[in-house]
Amino acid sequence: CDAKIDSLDWMSAQGIGTVAAYETYLLQHAEGRYVFEAQVALEQARAVQVHPGEQASISAALEGFLRAFGNNDEMNYRLYLAPTLSKFLSKNNVSQDEVAAMISAMYNGHIMSCLFSLGDTLNVTKQIVEDGKFTYHASFSIDQHIERDNDGKTYGQYAAEATFDNRYLITSFTMSEVS
């Protein structure tokens, strides 16, 4: 019975895959059959755990980018972008100049102001890519408010995703309208 419980707890810890799950397994089964595997998995989970400072840096980068994007402030939104993005909106392999052209084309003389704001939920994961460097993947929502001097869209809500390098520069950015 103990071997079966050990095996089931190990499978549960693997299924959950978090630092807490592996720590719990190791506490409950200090002499268990899967101790070595659990220790390795724990170290891997710790390496990709997103710490509060990293979460705050991603949030600040997104808020800064969205503020500059909403203001069509090319000088400032470029600060948040890698030199080349693997994807921006629906286009692949995009330079900062191409991003600037795409954003500029979104604005016309009837838009008096545009505000993008980060939604309530920001989910960030981290992946090791090489030599201790990381990439971060963020999933979040965006609310858009547009003030205009003609009839047209004044509000939008988007599901968005972005990828960041280890310097918190955006390397990919997509958003899909949900309302």
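The model is a predicted one, with local features needing pLDDT of at least 70 and side-chain atom pairs counted only at pLDDT 80 or more, while totals for chains, interfaces and linings use all residues. Residues are numbered from 1 along each chain as its sequence is written, and side-chain values use heavy atoms, leaving out hydrogens and water.

Helix 6 spans residues 96–106, and its buried residues are Q96, V99, A100 and I103. Looking down the helix axis, these buried residues stay within an arc of 100° (taken from the directions from the axis to the C-beta atoms), so they line one face of helix 6. They pack against helix 4 (52–70), helix 5 (74–77), strand 1 (84–88) and strand 2 (91–95), where contact means heavy atoms within 4.5 Å.

Then there is the pairing of helix 2 (residues 19–28) with helix 3 (residues 35–47), whose axes come within 9 Å and cross at roughly 155°. That makes helix 2 roughly antiparallel to helix 3 (angles over 145 degrees). On the helix 2 side, the contact is made by V19, Y22, E23, Y25 and L26, and on the helix 3 side by V35, A38, Q39, A41, L42, A45 and R46.

As for strand 6 (residues 170–177), it holds S172, which counts as buried at 12% relative accessibility. Beyond its neighbours within four places in sequence, S172 touches L85, S86, K87, E161, A162 and T163.

Technical notes
Axes are lines fitted to C-alpha atoms, for helices over the stretch in contact, and angles run from 0 to 180 degrees between N-to-C directions. Helices (H or I, at least four residues) and strands (E, at least two) are DSSP runs, numbered from the N terminus. Angles under 35 degrees count as roughly parallel, over 145 as roughly antiparallel, 65 to 115 as roughly perpendicular and the rest as oblique. Buried means under 20% relative accessible area, exposed over 50%, partly exposed in between (1.4 Å probe, protein chains only).
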